[in-house]
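Thank you for making time for this today. I would like to walk you through one protein chain, going from the overall layout to a few single residues, so please have the sequence and the model open while I talk.

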Amino acid sequence: MLSDPPSQYEAIQRREERLDGSFRAAVKTTGTYCRPSCRAKTPRTENVDFRPTAASAQLAGYRACKRCSPRRSAPGPAGAWPVDAWVERLASPSV
């Protein structure tokens, strides 16, 4: 797992699929977060906020990218998806 922002930024520039479960790239200007392999235009370095999970990106106020669906389709560390589902239920308004 990459933990330093310069290496993480290089990974999103290369669209590294093998790192999809390692972190999420949240874009400050659009308010979205993506997997490292997302095919969307690579954001400028100063606009990226790296997050360890989709849940942490959502708690920080970012929404999932519609192109790569990082909440649903990206592999993640064991146990990550139940937390993401919990955050999604918590964030959605009650009906």
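Before anything else, a word on terms: when I call a residue buried I mean that its relative accessible area is under 20%, when I call it exposed I mean over 50%, and partly exposed is whatever falls in between. Please also keep in mind that what you see is a predicted model.

Let me begin with the chain as a whole. Its secondary structure consists of three helices and four strands, and if you follow the chain from the N terminus, these elements come in the order α-β-β-β-α-β-α. There are 95 residues in the chain, and buried residues make up 45% of them. The accessible surface comes to about 5800 Å², with 53% of that area belonging to carbon and sulfur atoms. If we take the contacts between residues at least 6 apart in sequence, 59% of these join residues that are at least 24 apart.

Now please turn to helix α1, which covers residues 5-14, and where the buried residues are Gln 8, Tyr 9, Ala 11 and Ile 12. Looking down the axis of α1, we find that these buried residues fall within an arc of 155°, so they line one face of the helix. As background, an α-helix has 3.6 residues a turn, so residues three or four places apart point the same way. On the question of what that face meets, the buried residues of α1 pack against β1 and against β3, the strand at 48-51.

Although Arg 18 and Pro 36 are 18 residues apart in sequence, their C-alpha atoms are 8.7 Å apart in space.

That brings me to Thr 42, which sits in the loop between β2 and β3. Is Thr 42 buried, partly exposed or exposed? Its relative accessible area is 25%, which lies between 20% and 50%, and so Thr 42 is partly exposed. Leaving aside neighbours within four places in sequence, Thr 42 is in contact with Tyr 9, Ile 12, Gln 13 and Arg 15. From Thr 42 to Ala 25, which is 17 residues away in sequence, the C-alpha distance is 10.0 Å.

For another loop, look at Gly 61, placed between α2 (54-59) and β4 (63-64). Gly 61 is exposed, with a relative accessible area of 58%, and its C-alpha atom is separated by 9.8 Å from that of Lys 28, which is 33 residues away along the chain.

Finally, the largest pocket. About 290 Å³ of space lies in it, and it is lined by 20 residues, among which Val 27, Cys 34, Ala 40, Lys 41 and Pro 43 lie nearest its centre. The elements that give two or more residues to this lining are β1 (24-27) and β2 (32-34).

Methods. Residues numbered from 1 in each chain as written. Predicted model: local features only at pLDDT ≥ 70, side-chain atom pairs only at ≥ 80, totals over all residues. Heavy atoms only, no water. 1 Å grid on protein atoms, 1.4 Å probe; cavity = no way out; pocket = protein on both sides within 12 Å on 5 of 7 lines; lining within 4 Å. Points joined across faces, edges and corners; volume = space filled by probe spheres on them. Buried < 20%, exposed > 50% of the residue type's maximum accessible area, 1.4 Å probe, protein only. Arc of directions from axis to C-beta. Contact = heavy atoms within 4.5 Å. Areas by Shrake-Rupley, 256 points an atom, 1.4 Å probe, with all protein chains shown as cover.
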